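Here are my notes on this structure, as numbered points. Please read them beside the coordinates.

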Amino acid sequence: MIQKFPLFLLCFLSVFSLAKAQQTLGKIPSGKVLSVAFTQYRHLKSIPTPLTSIGTLKLLPQRGLIWNTKKPFPNTLVMTKKGLFQQRDGDLIPLTKGPQSTFIFDLLSKVLEGDFQNSLDAFEIENIPSKEAQWAVQLTPKDQQLKEMLRTIDIYGTTQTSLVIIHRSNGDYDEIHFENHKIMDEKKALNSQEIGWLYDK
Amino acid sequence: MTSKYLPFLRFFWLLALLSLGTIAFKNNSIQFDLLALLPDSKTEKMSRVKSFMEDAGFSKQVVILLGHPHQDKAQQALQKLRHSIQETELPLREKEAKKTQQEIKDFFQALYPYHAFFLSQKDRYLLQKNQEDEIVERALQELTSPFGTLGAPNLKSDPFFLFPRYVLALQTQNSLEMDLETGDAFIKDQGQFWYIYHAHLDQPLFSLKLQEKLSNTLTPLIDSLDVETLKTGAIFYAAAGASQAKNEISAFGGVSALLIIVLLLFVFRSLAPLGFALLVITSGLVGGVSFASLIFGSLHILALVFGASLIGVCVDYALHYYCAHLHVKRTSDFSVLKSLIPALPLGVLSSCIGYGLLTLVPFPGIQQMATLAASGLLSAFITVVLWGPTLLKKPPQGPPVFAQKIQDTLDGFAKISLNRTVLTIAILVPSFVGIHTLTFDDNVRHFQSLNQELKSQEHQIQTKMHLTQSPTFFTVSAANLEDLLQQEEKIIDQLDRLKISYQSLTTLVPSQKRQLENQRLIQDNLVIPHLKTLFKTLKIPPLKTSGAIPPVLEKVPQLPKIWRSLLSQEKNNFHGRILIPTPQNSDDLYKIAAQYDNVIYSDPPQEYSALFMEYRILMMKVIFAVFSIIILFLSLFKGPKAAFKITIPVLFSLLLTLSIFSFMGIALTLFHIMGLLLVLCIGIDYALFLYWRKKAPHTKDCCLLANAMAALTTLFSFGMLALSNTAAVQGFGLSVFMGIILSFVMTTLYLGRK
C-alpha cells in the first residue's frame, strides 16, 4: 500500500499537470496560422557561450511549419509530413529526415497547436517548478532508442507555450523562447510561396 | 546358327541393360550448374558472376511485406508471421534490422578517428570546384536550428559536419523507417504501414522438398494473416515453376499417352506396337543414360533432357518394324528385319556417326548430350534386332482394314503428279526470303516465363523499398589493398563523369592517396578560408581545433554484412566489386573495363544471354555438321545422287520451318534449334525408309503408314510441348511440331511414289 502510494501520487500529479496544461493552452482554430517569434539558445558542451539565433515560425496545423531564422544567419527550414526542406533561391531542397528531427518537429507542432494530450504517449511526465509560467512539465522518453537521442524535454507555458528546453543525451541543450503569439488567417500570415510550400509538399 | 544364339544374346542384352542401369542409377548425380556446360576457357567471367551471386545471396533471399492502414495491426501481423515461421521450423533465418543497424554503426565508429580524411563524393566535388559555400551554409543551418539532421555538432574537430555528410551520403536513399519500440523496419506508403520480414534460406534453392514445404506451409501462413501481403524471392518463383511443370507434365503426359494409345489401338487394333515401342524407348533411355553416366560420372540436367529427347527418334524403329511385321512373308525369324535393311541400320548408323563426331566439340554439355543420344539410339536398335523377332513372332493376317486404308490414302497422296522443279522453286524462294529475315532471341529473361502474379508483387516491393534487381558490376583485382582502392577510384571517377550511380569499397574507405588529397582539400578550401568567418557569424570566440592529425586509415574495418560483397580476398589477391544498381548503357561500362587488364565488367543477365547465344550458334553448326556428315556417309555408301535424293526433302522441311518462324515473327532461340536437330534425325529416318522401300516396287508395304504413325506419335509427344507456358519448352515443341509435319509431307511428296 505504502509502495503503491508514491506511484499513485506521481500518476495523479502527472495527470493533474497535463490536465492543467491542456486546459490553459489555447488551441489553433482550423484554417488559422500561428505566428510566433522565437529566440533560440543552443548550449553546446564544446563552447563556453551559447549559439543564439532569432527568427519567426509559422505553424499551419496538419500541414507544416516554416522556421525562419533571421540572425545570425538567414535561413528558412520547412517541415511537412513529407520531410524537412531547406529554402534556397526560392526552391525547397530536401534534407534527410532523421528520427530525432521528425520527433522534435512533431512534438513542437503539437505543443504549439495546443494539442498536448495526444502527443505524449511515448513519455513519462513529471511536474517541475514552473518559474514564471503557469504550468511546467518535464517529458522523459520511455523508448530506449529515443533515450539515446534525448534526455528530457521541459515545456513551460501559460495560455501559450512560452519556453521549450530540449536536453540532449550528450549534454547539449536547446532553450527556445516563444513570444508574440499571433493567430492569423492563412492568407494574411502566409505569402503565396509559403502556401505553395505547405500545400505542395 | 544365329537363331541358336539369339536367346543367349537376348538374355545377355537384357542383363547388360539392367546392370548398367543399376550401376548408373546408384552412382547417379545430376548437375544443375550452368558453368558445368562450358569449357574451362569460358568460365572466368561466369565464375565471377557465380561468385557474386553467392556472396550477395540474391537467390536465397525472401522478402515479405505486411500492410495495413493501422501501424499496430501491421506490426502484429509481422510478429504473428515471425512466431509461426519459428513454430513450423521453416528453414528461414531472419535478417534483423536492429543487428544490421548496429553493424553499420560499429563500422562508422571505427572510421571516426580518421574523419579528417573522409569526404563524401559530393563534398569532394564542391571543394575541388571551389563551391564550398554550400557546405558552410549547411553547417550554419545545422548549428542554428533545433531540427538537426547531421547529428550533434562537434565544433572542435568537425565544425563543417563533413563526417556526418559522408555517412549520410553512403546510406541508401530508401524509404525505410524503424519502429522505435520493436526495432522492426517499415515503410509508409499511400496510407499503409508496410512492415518488412526479410530472411534468407538455409537450404539449397532447388530442393524439391523445400519447395513443397514452402507451398504447403509458408504460403498458407502468409495468406492467413489479416493484412495485405506482398512477397518476393527466388524460392517462390522456383516453387511456382515446379508446380507449373508438374501440372504440365501431368496434363501433357496424360493427354499424350492417351492419344498415342488410342491412335495405336485404333489403327493397329492391338497393344503390341505400343508395348514394343515402349520397350524400345525404355532400352534406349536406359542404355543411353547409363553409358553416358559411366563415361562422364555425372550428367548435366540440360544434356540429360535434350539427349533423352533425341532418343525419341527410336520410336520410328519400333513402328517401322511393326509395320513391316504386318505384311512381310516369314521365311525365317529375321525376315522382317531383312526387309528393313539397309534403311534401319543406316538410319541408326548415320545418327550415331553424326552424334559421335559431336563429342569432338570442346563443350562438355554437347559431349554429354551426343554420347547419351548416340548410345541410346544404338541400345534401341539392338533391342529391335534382338527382341523384335521374339516379341512380334506371330504374323498377323495382314494390316487391319483401317491401317490399310491409311496406307492406300498416303500412296494416293504420294502419287500426286507434281512438277518437281516447280515444287522445289516454290519451296526454296520463300525459304530464302524467310531465312534472310530470321531474328534470334538469346535474352535469358525471355526464357524464364515467370509467374505474373509474383512478378507484379516483386515490382511493387521494389518500388516501395527502392530496391533494384540484381545489379551489374565491375570486378577489380590487385595484389594489395591500396592498389585495389586506387584502381577503383580511377573507375568511379569515370562513372561520376558519366553520371552513373554505383556502390564500391572505395566510397566507404578511400585509398591512402585519396585520404591525403581529401585532407588537403579540407584544409586549403574550407578550414583556412572559412573557419574564422564561421565563428564570427555565430558570434562565438574561435575554438582551438585539435592539433595532431592521426595517420591515414590503412586497413578496412569489419564490413557490415550488407557491404561484404564489395571486398574479397583470395590467397594473395584482393578483389573489389563496384556495383552498378541501375545500369543504363552497358557499352560504356564495357569500354571502361577494357581500359584495364585487371578489371572485368559483368552483366549477369547478359553473360547468361551470351552463353545461350554461343550455344545457339553452336547448335546451328551442329545441325549443319550432322547434316553434312549424313550426306557424306550416304554418298560413300550409295553415291552422291542417292545421298541428295534422301536428304533434300529433310533439308526443305528444315528451311520451310525456319521461314515459317520468320514470317510469323517468331525469334529463334536455342530451344527452337534443339527441336530442329530432332526433326533432322527423324526426317532422315523417314527418307531412308521410303528410299529403300522404292527398291521393291511390286511388294506390298506399310512404309508410309509407319512414317505417318511415327510422325503422329512424335507430334502427340513432343509436338504437344508447343502448348507449354514455359518459353523454352514451348520453343522446342513448336519446332518439332512444324518440322515433323513438314518432314513427313516433304519425304512423302519426294520419295513416297514407288
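1. First, a term. A salt bridge is a side-chain nitrogen of Lys or Arg within 4 Å of a carboxyl oxygen of Asp or Glu. By that rule, A:Arg88 and B:Glu137 pair through their side chains, at 3.8 Å from N to O. Between chain B and chain A the count is 2 salt bridges.

2. On provenance: this is a predicted model, where local features need pLDDT of at least 70, side-chain atom pairs count only at pLDDT 80 or more, and totals for chains, interfaces and linings use all residues. Residues are numbered from 1 along each chain as its sequence is written, chains are lettered from A and ligands numbered from 1 in the order in which they are written, and side-chain values use heavy atoms, with hydrogens and water left out.

3. The interface. Contact (heavy atoms within 4.5 Å) joins 28 residues of chain B to 34 residues of chain A. The two chains bury about 2700 Å² between them, 63% of it on carbon and sulfur atoms. Buried area here is the accessible area (1.4 Å probe) lost on putting the two parts together, summed over both.

4. Polar pairs. Chain B and chain A share 4 residue pairs in polar contact, both residues at pLDDT 80 or more. A polar contact is a pair of N or O atoms within 3.5 Å; within protein, one must be able to donate a hydrogen and the other to accept it, and residues adjacent in sequence count only if both atoms are side-chain atoms.

5. Which elements of chain B supply at least two residues each to the side that touches chain A? They are helix H4 (97-111), helix H6 (133-143) and H22. H6(B) gives the most, with 7 residues. Helices are DSSP runs of H or I, at least four residues, and strands are runs of E, at least two, numbered from the N terminus.

6. Salt bridges overall. The count over all chains is 17. One of them joins A:Lys58 to A:Glu194, with the closest N and O atoms 3.2 Å apart. This pair links distant parts of the chain: A:Lys58 sits in strand E2 (residues 51-60) and A:Glu194 in helix H5 (residues 192-200) of chain A, 136 residues apart.
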